[in-house]
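Please examine the sequence and the three-dimensional structure shown below. The paragraphs that follow lead through a few of its local features.

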Amino acid sequence: MHDHAQHDHAHHDHAHGAPRRALAVALAITGTVFVAEVVGGWLSGSMALLADAMHMLSDAAGLIISLIASIVGQKAASATATYGYRRVEVLAALINAATVLAISIWIVVEAVRRLRDPQPVETGPMMVIAMIGLIANAASAWVLSRHREGSINVQGAYLHVLVDMFGSVAVLVAGAVIAWTGFTGADVVASLVIAALVLPRAWQLMVRSARVMLEHVPAGFDADEVERALRQVEGATDTHDLHLWSLDGVSVLATVHVVAGPGVDRDKLLDRVQEALAQLGVEHATVQIEPPEHIGHEKVC
């Protein structure tokens with residue numbers, strides 16, 4: 001006899017184990033390339049390569065945070081943590097985004113300093129290390145891209161390595177320009193390009209993560225539209241106390257009070273309301289069915 005419970009549990013473990021493996025692989029690649037870029041940047045004198053190495057450092061720290069958050073986030077709910085720990089992943093994404101923003105500011109400040117005090121750059125080691133970084137970042141991005149839609153945490157890690165991949169391209173272009181023209185300012189320009197690539201994406205992720213932490217209505221949902229849809233459910237005369245939020249930035253939760261019409265079967269109305277919410281994309285909902293006079297006995301928030 002096939003045990004569906006065991007099958008579902010195995011599928012659940014696999015679904016969350018794959019992103020963790022992806023994060024671990026990306027961390028191993030990123031850590032290795034970070035060391036290579038620091039050594040290469042120091043030997044070549046390339047500001048762009050050192051800037052990219054700083055991104056790799058933030059990547060490594062971010063991936064460690066993401067990996068830990070992915071593990072902690074799967075802890076079962078308990079009497080003291082009734083929702084479990086899924087929001088830890090959102091917190092990790094918020095920290096990642098803030099870290100990238102801070103590193104980007106450092107890059108801009110250092111680039112301005114280099115404009116005032118140009119430094120010689122050895123393009124040979126610079127371009128070799130940048131090429132290694134490009135290949136490594138592309139590999140990490142490919143590993144993470146297959147799992148980023150199901151986790152805001154993995155999406156944050158993916159953001160890190162994707163930006164570093166473009167950063168490696170910028171370093172390669174700068175190295176080529178310096179080799180052909182002798183214009184060492186191209187190295188500074190490349191570091192500024194890296195910062196420009198980072199800032200809007202990091203800001204977007206930070207805002208999205210902050211919205212989840214503040215329990216705002218998830219993107220793509222309109223509370224007024226959800227209320228209108230629920231009022232059209234057969235047997236419902238009104239709704240109030242509708243709340244929409246997300247624990248992990250992916251799944252949507254809701255609580256709502258629905259007023260039943262006279263003589264309506266409340267059990268059937270509950271089923272219809274739950275079905276309507278599911279069709280709207282709400283994965284878990286707590287619904288209270290009540291008579292019209294009940295609202296006088298509660299505090300509406």
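**A loop, a strand and a salt bridge**

E215 is partly exposed, with a relative accessible area of 46%; here, buried means under 20% relative accessible area, exposed over 50%, and partly exposed in between (1.4 Å probe, protein chains only). The model is predicted, so local features need pLDDT of at least 70 and side-chain atom pairs pLDDT 80 or more, while totals for chains, interfaces and linings use all residues. Residues are numbered from 1 along each chain as its sequence is written, and side-chain values use heavy atoms, leaving out hydrogens and water.

E215 belongs to the loop between α6 (185-213) and α7 (223-231); helices (H or I, at least four residues) and strands (E, at least two) are DSSP runs numbered from the N terminus. Most residues other than glycine have a negative phi. E215, however, has a positive phi near 60°.

D241 also has a positive phi, of about 55°, and is not a glycine. This residue lies in strand β1 and is buried, at 9% relative accessible area. Of the 10 residues of β1 (residues 236-245), seven are buried, so the strand is largely enclosed by the rest of the structure.

Strand β1 runs antiparallel to β2 (residues 253-260), and seven bridges join them; two strands pair if DSSP finds at least two bridges between them. Within this pairing, L244 stands opposite A254 in β2.

Which residue forms a salt bridge with D238? The partner is R231, with the closest N and O atoms 3.1 Å apart. A salt bridge is a side-chain nitrogen of Lys or Arg within 4 Å of a carboxyl oxygen of Asp or Glu. The whole structure contains one salt bridge. D238 is partly exposed at 32%, and R231 is partly exposed at 37%.
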